[in-house]
Amino acid sequence: MNIVYVTDMGYLRPTQISVASALAWASDRSRIALHIIDCGVEDGEWEIFVVKLRKRFGSKFEINRHIVDVEKYARFKSWHGSRGIYARVDIPSTLAHEAWCLYVDGDTLFTDDPLKLEELYSDDFAITGQRDCWDEGQKTWHLERGLPWDDNRFCAGFILMNLKWFRENKIPEKCFELLMQYEFPYNEQDALNLLCAGKIGFLPDRWGCFAY
């Protein structure tokens with residue numbers, strides 16, 4: 001199972017805790033391939049990150065570092081001081097030979113075996129995630145610009161991604177084209193909801209729950 005995180009120095013510590021919780025619950029660590037998309041992690045801190053995980057959880061799982069130059073996203077607005085969110089749009093090319101992945105925000109804590117999520121892979125869906133808690137202002141923004149709106153929207157913080165479908169339908173390219181046209185309230189999450197309309201699945205409530 002491919003589990004993907006995007007992080008920089010500011011999110012490295014919570015990401016390590018999230019990764020540790022996934023490994024702690026995994027029923028078979030040899031089936032876990034971690035992919036850390038690095039948007040600005042110092043080499044020394046990366047080494048500490050890996051050593052701590054290996055010391056606690058052994059050597060059976062994979063851990064891969066994918067270094068990204070975030071300057072390629074400089075034209076887009078930041079989110080809480082970071083543009084790393086746009087790196088998840090590029091996951092289908094970063095993991096060019098993989099069919100599926102679980103993307104996870106660094107502030108996620110696993111409380112069950114992540115491998116159970118493989119049962120939810122379905123070619124009926126491009127993305128499977130938790131229902132988003134949107135507000136009326138977000139809906140109004142879309143409608144005022146003539147953009148379609150569906151109340152059934154996903155939150156991009158914890159999603160199963162059908163990478164093969166994304167590549168076949170050129171979703172990353174289309175997403176960045178939309179982001180050039182519109183400054184969405186919720187950045188690439190809004191763009192992906194538009195592009196994946198009709199192909200969105202929803203997780204059981206026990207997965208991807210919001211803390212509040």
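These are my notebook entries on a predicted model, taken one topic at a time.

**Entry 1: salt bridges**

I started with the charged pairs and found 12 salt bridges in the structure. Arg65 pairs with Asp38, their closest N and O atoms being 2.9 Å apart. That pair links distant parts of the chain, with Arg65 in strand E3 (residues 62–67) and Asp38 in strand E2, 27 residues apart. Asp43 joins Asp38 and Arg65 in a network of salt bridges.

Next I looked at Glu188, which forms a salt bridge with Arg88, the closest N and O atoms being 2.5 Å apart. Glu188 sits in helix H7 and Arg88 in the loop between E3 and H3, 100 residues apart. Glu188 is buried, at 1% relative accessibility, and Arg88 is buried as well, at 8%.

Lys72 and Asp90 make another salt bridge, with 3.2 Å between the closest N and O atoms. Lys72 is partly exposed at 48% relative accessible area, while Asp90 is buried at 11%.

Beyond its neighbours within four places in sequence, Asp8 contacts Cys39, Gly40, Val41 and Ser82.

**Entry 2: helix H1**

I checked the length of H1. Its 14 residues should span 20 Å at 1.5 Å a residue, and the end C-alpha atoms are 20 Å apart, so the two agree. Buried residues of H1 include Leu12, Val19 and Leu23. Among the elements covering the buried residues are E1, strand E2 (33–38), helix H2 (43–57) and E4.

**Entry 3: the cores**

The largest nonpolar core has 37 residues, and Leu179 and Phe184 are among those that touch the most other members. Helix H6 (171–181) is one of the elements supplying at least two residues; the largest share, five residues, comes from H6. Apart from this core lies another of 30 residues, including Ile63 and Leu203. I also listed what Leu179 touches beyond four places in sequence: Phe76, Tyr86, Phe184, Asn187, Glu188 and Ala191.

**Entry 4: Ala99**

Last, I looked at Ala99, in the loop between helix H3 (91–94) and E4. Ala99 and Trp165 are 66 residues apart in sequence but 8.2 Å apart in space, C-alpha to C-alpha. Residues that Ala99 touches include Met161 and Arg167.

How values were computed: Residues are numbered from 1 along each chain as its sequence is written. This is a predicted model: local features need pLDDT of at least 70, side-chain atom pairs count only at pLDDT 80 or more; totals for chains, interfaces and linings use all residues. Side-chain values use heavy atoms; hydrogens and water are left out. Contact means heavy atoms within 4.5 Å. A nonpolar core is a set of buried Ala, Val, Leu, Ile, Met, Phe, Trp, Tyr and Cys residues joined through side-chain atoms within 4.5 Å. Buried means under 20% relative accessible area, exposed over 50%, partly exposed in between (1.4 Å probe, protein chains only). Helices (H or I, at least four residues) and strands (E, at least two) are DSSP runs, numbered from the N terminus. The expected span of a helix is 1.5 Å times one less than its number of residues. A salt bridge is a side-chain nitrogen of Lys or Arg within 4 Å of a carboxyl oxygen of Asp or Glu.
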